[in-house]
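Here are my notes on this one, as numbered points. Have the viewer open while you read.

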2 protein chains.
Amino acid sequence: MELDFCFHNPTKIYFGKGAINNLKDELKKYGNTIMLAYGKGSIKKIGLYDELMKIFNEAGKKVVEFSGIMPNPTAAKVKEGIKLVRENNVDFILAVGGGSTMDCTKAVSMGAANDVEFWDYFYMNYNPPKNKIPFGTIVTMVGTGSEMNGGSVITNEDVKIKTGVVYPNMLPDFSILNPEYTYSLSKFQMVSGICDMMSHIMEQYFSKPDTDNVSDDLSEALMKNIIKNAYICIENPNDYNARGNIMWDATLALNTLIGCSKEGDWEVHNIEHQLSAYYDVAHGMGLAAISPSYYRHIIDFGLSKFKKFAINVFGVSTDNKTDKEIALEGINKLEKFFKNIGATTTLRELGITNKEELNEIAKTCFVSNSAYKVMSIDDIKAILQNAF
Amino acid sequence: MELDFCFHNPTKIYFGKGAINNLKDELKKYGNTIMLAYGKGSIKKIGLYDELMKIFNEAGKKVVEFSGIMPNPTAAKVKEGIKLVRENNVDFILAVGGGSTMDCTKAVSMGAANDVEFWDYFYMNYNPPKNKIPFGTIVTMVGTGSEMNGGSVITNEDVKIKTGVVYPNMLPDFSILNPEYTYSLSKFQMVSGICDMMSHIMEQYFSKPDTDNVSDDLSEALMKNIIKNAYICIENPNDYNARGNIMWDATLALNTLIGCSKEGDWEVHNIEHQLSAYYDVAHGMGLAAISPSYYRHIIDFGLSKFKKFAINVFGVSTDNKTDKEIALEGINKLEKFFKNIGATTTLRELGITNKEELNEIAKTCFVSNSAYKVMSIDDIKAILQNAF
C-alpha cells in the first residue's frame with residue numbers, strides 16, 4: 001500500500017437470475033425516451049429483446065433503437081449513435097450486450113451531451129466529459145468489465161487507431177448481470193472473454209510497486225478462481241455457478257479494486273489495440289497471443305513477481321530450480337492454460353500472415369511509462385515476432 | 001454465486017499519506033456548519049485536531065464540537081449528539097476516530113434528520129431512515145469497517161442491549177484513510193481491531209452457501225494478508241506498508257464485497273454484543289475469545305469449509321489426517337494466532353469472573369437464522385462456558 005489512491009465506484013450491481021426484476025424501478029429515475037443500444041441481434045435470440053420491450057411498455061417509455069454495434073466499435077458507429085440521441089432527445093441509454101456495446105454507449109453518452117468533436121476531444125486529447133447522457137447496462141458477454149468502470153475503447157478506422165480512455169463519470173448508473181445470459185455465447189466468445197479478464201488482472205498485478213499489497217493477493221485469488229471455473233464453463237456451458245463466478249470475476253478484474261496502490265502496466269493492451277486496429281482480431285485472443293511473449297521478454301525486470309505468480313497462481317514447485325526457471329514455468333503454464341481452453345496463442349493462428357508488417361505495427365503502439373521495462377520499438381518488434 | 005445479490009457502495013475512499021488534502025474540496029459540497037465528532041482526545045495528541053481546525057478555518061466553516069464518544073457508544077450519547085445537531089442546524093458531520101465514533105455519528109445522522117425516537121424506530125424496529133445529515137469520516141483506528149458500510153452498533157445501557165443495524169443510505173459520503181494515523185494506537189487497540197476484522201471475514205466466509213464462490217476466495221486472500229501483516233504491525237508499529245495493508249483489509253472485510261452471494265452468519269457478533277452490553281469488554285477481544293469456541297461447537301455442520309479454511313488460510317497439511325482433524329487444527333491455529341498477537345482468548349482473561357452469569361447472558365443473545373447450525377440457548381451456554 002505504498003501509493004496513495006482514491007477508490008470510488010458508485011455503479012449499482014444487480015446480480016443473478018432475478019436481476020432483471022430491478023430494471024423497472026431503475027427506469028423510473030429517468031425521462032421518457034430510452035435508447036436501446038445493442039449489437040447484431042443475439043439479444044433477440046435469447047429472448048431478452050422481447051422481455052425488455054415488455055418492461056419498456058409497462059413503464060410507458062418511448063424506445064429508440066440503436067443496433068448493429070460491432071466488435072471493436074468504430075468512431076463512425078459512435079457518430080451514428082450521437083445523431084440518434086440528439087434527434088430523439090434521448091433521456092437514458094440502456095446498453096445490452098458485451099464490452100463493445102457498453103464502450104460504444106459511453107462514447108455516445110459523452111459525445112451527445114457535450115458540444116465537441118468526440119474523437120479528438122475525449123479520445124485523442126483526454127479532456128474529461130463535463131456532461132453525460134445517463135446510462136445503464138445489461139451484460140450478455142463477459143470479459144471487459146465495462147459494466148463497472150469508466151473505460152471505453154473505440155477504433156477509428158480512418159486513422160487506424162484503437163484506443164481506450166477512462167473517465168470517472170462514465171461509470172454506468174447500474175448494471176444487470178445474469179450469468180444465464182451468457183449460456184448462448186459461442187465457445188470462441190467465452191474463451192476470448194476469459195483471456196481478456198485474465199489479462200486485465202495481470203496488467204495490474206505485474207506492475208510496480210511490488211511491496212506487499214493486498215491488491216496483489218486479491219488478484220491472485222481472482223486468477224485462481226477464473227482458471228478453476230474457466231475449465232468448468234468450457235466443459236459445461238450451462239453450469240450456472242461457474243458462469244456466475246466468471247462473470248463476477250470479470251467485473252472485479254477491472255472495477256479499479258485490484259488497481260488500488262498499483263501503477264498498472266497495460267502494455268499488452270496497448271500492443272493488442274494496434275493489432276486489432278490493423279487486423280480486427282478478437283481482443284481477448286489477441287491478448288492471449290501477446291501475453292506470454294511479452295512476459296517472457298520482461299521477465300528479468302520483475303523476476304520476484306513472476307516467481308510469486310508461478311507459485312501462488314499455478315502451483316509451480318520450487319525444488320532445485322532457479323528463480324528464473326520457476327518464473328518461466330509460470331508463464332509456460334499460463335500459455336498452456338490459454339491453449340487448453342481453446343485460445344489462439346500465436347499471431348499466425350489469429351490469421352496474421354505478414355510477419356514483416358508486424359514491424360510497422362510495432363511503431364504505432366503506445367508505450368506504457370509504468371511497466372517493469374519501458375518499451376522501445378525494438379522491444380515491441382521482438383515481442384510481436386516471438387508471438388508470431 | 002448461487003444467491004442473487006445487489007452490490008452498491010458509493011463511498012469515496014481517499015487513502016494514503018496525502019489523503020487529508022482532499023478534505024477541503026469535499027467540504028465545499030456542504031453547508032456552512034460542521035459538527036466535528038470525536039472520542040476522548042487522541043486526535044489532539046496526534047495533531048489531527050489542529051490540522052482539521054486549520055482546514056475548517058480556511059474553508060470558512062463554523063464548527064460545533066461533539067466529543068467524548070466512548071467505546072461501545074451509548075444511546076444516551078447519541079441523544080446528546082442529536083440535540084447538538086438540531087440546536088446548531090448542523091449541515092455536515094465529520095466523524096474522526098474509530099468504529100465507535102463513526103457508528104455514533106450514523107445514529108446521530110439518522111436521529112437528527114428524522115422526527116422519530118431513534119432507538120425504537122431504527123435499532124429495535126428496523127425502519128430504514130428516510131433522511132440523513134450527510135457525513136464523512138477520518139479513520140484513526142482500524143477494525144470496524146464502518147468507514148465504508150452502512151452499519152452502526154449502539155449500546156442501550158437502560159435495557160442492556162448492544163445491537164447493530166445496517167442501512168444502505170448510512171454509507172459515509174467519503175472516508176479518509178491514512179495509515180499513519182494509526183501509529184499511536186496502543187497495542188491493545190490494534191490487536192482488538194485485527195481480531196474484529198478477522199471475525200468480520202469469518203462471519204461471512206463460514207456461512208452458506210458453500211458452493212464455489214469467488215467471495216470465499218477473496219476472503220481467504222484477505223485473511224492471509226491480515227495474518228501476515230498483523231505480525232509486522234505488532235513487531236513494528238510504524239511500518240507504513242503493513243499498517244496500510246491492515247487498514248485496507250479492514251475496510252474490504254466489511255464493505256459488502258466478500259458478502260456477495262453469501263448469507264453471512266454473525267452469531268459470534270451476536271454473542272459478543274451481549275457480552276459487551278453486560279461487561280463493556282473491548283469488542284475485538286470479545287470476538288477473539290468467542291470465535292474458537294463457537295467454531296469448534298459447529299465444526300460438524302460446516303466441516304468441508306473448516307477444512308478448506310485450515311488448508312488455504314493456515315497451511316495445515318493433510319497427510320494421514322481425517323477431515324475433522326484437519327478442520328480442528330485450523331481452528332487451533334486461529335486461536336494460536338490470536339494468542340500470538342496478544343489477544344485475550346478466554347472470557348476469564350477478559351476479566352469475567354462470574355461463570356454462572358454467562359448462562360443468563362446466553363438467554364439474551366440474538367440468534368442468527370443463516371448459520372451452519374441454528375443456535376439454541378443451550379448451544380450458546382455451551383459456547384460461552386467453553387470460552388470461559
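Predicted model: local features only at pLDDT ≥ 70, side-chain atom pairs only at ≥ 80, totals over all residues.

1. Strand 1 of chain A, residues 5–15, and strand 1 of chain B pair in the antiparallel sense, with seven bridges between them.

2. Now follow strand 1 of chain A to its other partner. Strand 8 of chain A (residues 174–177) runs parallel to strand 1 of chain A, and four bridges join them.

3. Which order do the strands take in the whole sheet? Reading across, it goes 3(A)-2(A)-4(A)-5(A)-8(A)-1(A)-1(B)-8(B)-5(B)-4(B)-2(B)-3(B), an open sheet of 12 strands with mixed pairing. Strand 3 (62–66) of chain A and strand 3 (62–66) of chain B are the edge strands, each pairing on one side only. On average, neighbouring strands in this sheet are turned by 25° against each other, direction ignored.

4. Helix 5 of chain B lies across strand 2 (33–38), strand 4 (92–97) and strand 5 (135–139) of chain B, and runs at about 160° to strand 4 of chain B.

5. Back to the chain-chain contact: 35 residues of chain B are in contact with 35 residues of chain A. On the chain B side, strand 1 (5–15), helix 8 (214–235) and helix 9 (240–253) each supply at least two residues. Strand 1 of chain B gives the largest share of that side, nine residues. By class, the chain B side that touches chain A splits into 17 nonpolar, nine polar and nine charged residues.

6. Within chain A, the domain assignment gives domain 1 (12–181) and domain 2 (187–387). Their C-alpha centres lie 27 Å apart. How many residues does each domain of chain A bring to the contact? Domain 1 of chain A gives 19 and domain 2 of chain A gives 26.

7. Last, the domain 1 side of that contact in chain A. Strand 7 of chain A (residues 161–166) provides the largest share of the side touching domain 2, three residues. By class, this side of domain 1 of chain A has eight nonpolar, seven polar and four charged residues.

Definitions and conventions. Residues numbered from 1 in each chain as written. Chains lettered and ligands numbered in written order. Contact = placed C-beta atoms within 7 Å. Nonpolar A, V, L, I, M, F, W, Y, C, P; charged D, E, K, R; others polar. Pairing = 2+ DSSP bridges. Domains from an automatic or database assignment. Axes fitted to C-alpha atoms, helices over the stretch in contact; angles between N-to-C directions.
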